[in-house]
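Here is a short tour for anyone who likes to check a model by hand. Please have the viewer open and follow along.

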Amino acid sequence: LSLESQVRARTDELRALNEELLVKTTKLQAASDISWDLMNNSMGEDVDLLARAAKLMSERLGYYHVGIFAIDASRGFAVLRATNSTGGQEMLAKRHQLKIGGTGIVSYVSQSGRPRIALDTGADAVFFNNPFLPDTRSEISLPIKFGNTVIGVLDVQSTLPAAFQEEDINPLMTIANQLALVLQKSDD
């Protein structure tokens, strides 16, 4: 290879790495801003805070659907408490809940306490095909924990396949940790 083609290849590689770093930085900044907003408005009504968090996550991170679930007192169901999407609003109106340990990624995460990513919801054996969210192509769910106890689930969906990677877990867990404080406060 000529020196010119080597320089061009290296420049392209650096440009791609720079774009990737910019995306990561943007996600971290958005997670920080959303967490700050939750903390700064913590004296507000819990339902309003949860709805605000779902809306901000959708707007700042570009997600199709954000659902925030709370584990019910019997510890048998994850109950949808807030969302940003039209389909999610319909689910809220119907008091949508998922059996812990049942079908679906939210059910799995509520039982296991571990994050789960579905890169292709059509191929993921754990994914539940929700008629209210027909455009979902990939999904990530994260446990919302207070101490070691799962008290809820943060569920995020995208219209793009493979929209989530392992590196998305940390910024979203930052938000989930703030949501834990809101959910715990609402149980007191």
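Let us start with S107, which counts as buried because its relative accessibility is 1%; buried means under 20% relative accessible area and exposed over 50%, with partly exposed in between (1.4 Å probe, protein chains only). S107 sits in helix α4, residues 105-112. Leaving aside residues up to four places away in sequence, S107 touches L98, K99, I100, G101 and G102, where a contact means heavy atoms within 4.5 Å.

A word on the basis of these values: this is a predicted model, where local features need pLDDT of at least 70 and side-chain atom pairs count only at pLDDT 80 or more, while totals for chains, interfaces and linings use all residues. Residues are numbered from 1 along each chain as its sequence is written, and side-chain values use heavy atoms, with hydrogens and water left out.

Now for the overall layout. The protein chain has five helices and six strands, in the order α-α-β-β-α-β-α-β-β-β-α from the N terminus. These elements are DSSP runs numbered from the N terminus: helices are H or I with at least four residues, strands E with at least two. The C-alpha trace spans about 70 × 40 × 30 Å along its principal axes, and 42% of the 188 residues count as buried.

| Strand pair | Sense | Bridges |
|---|---|---|
| β1 and β6 (residues 149-158) | antiparallel | six bridges |
| β1 and β2 | antiparallel | five bridges |

Within these pairs, A70 stands opposite G152 in β6, and G67 has T83 in β2 as its bridge partner. β1 and β2 form a hairpin with five residues between them, and R75 in the turn has a positive phi of about 60°.

Which residues of helix α3 (residues 86-93) are buried? They are G87, G88 and M91. These residues lie on the same side of α3 because they cover an arc of only 100° around the axis, taken from the directions from the helix axis to the C-beta atoms. Their cover includes β1 (65-71) and β2 (77-83). T86 and A93, on the other side of α3, are exposed. Just after α3, R95 takes a positive phi of about 55°.

Key
Pairing = 2+ DSSP bridges.
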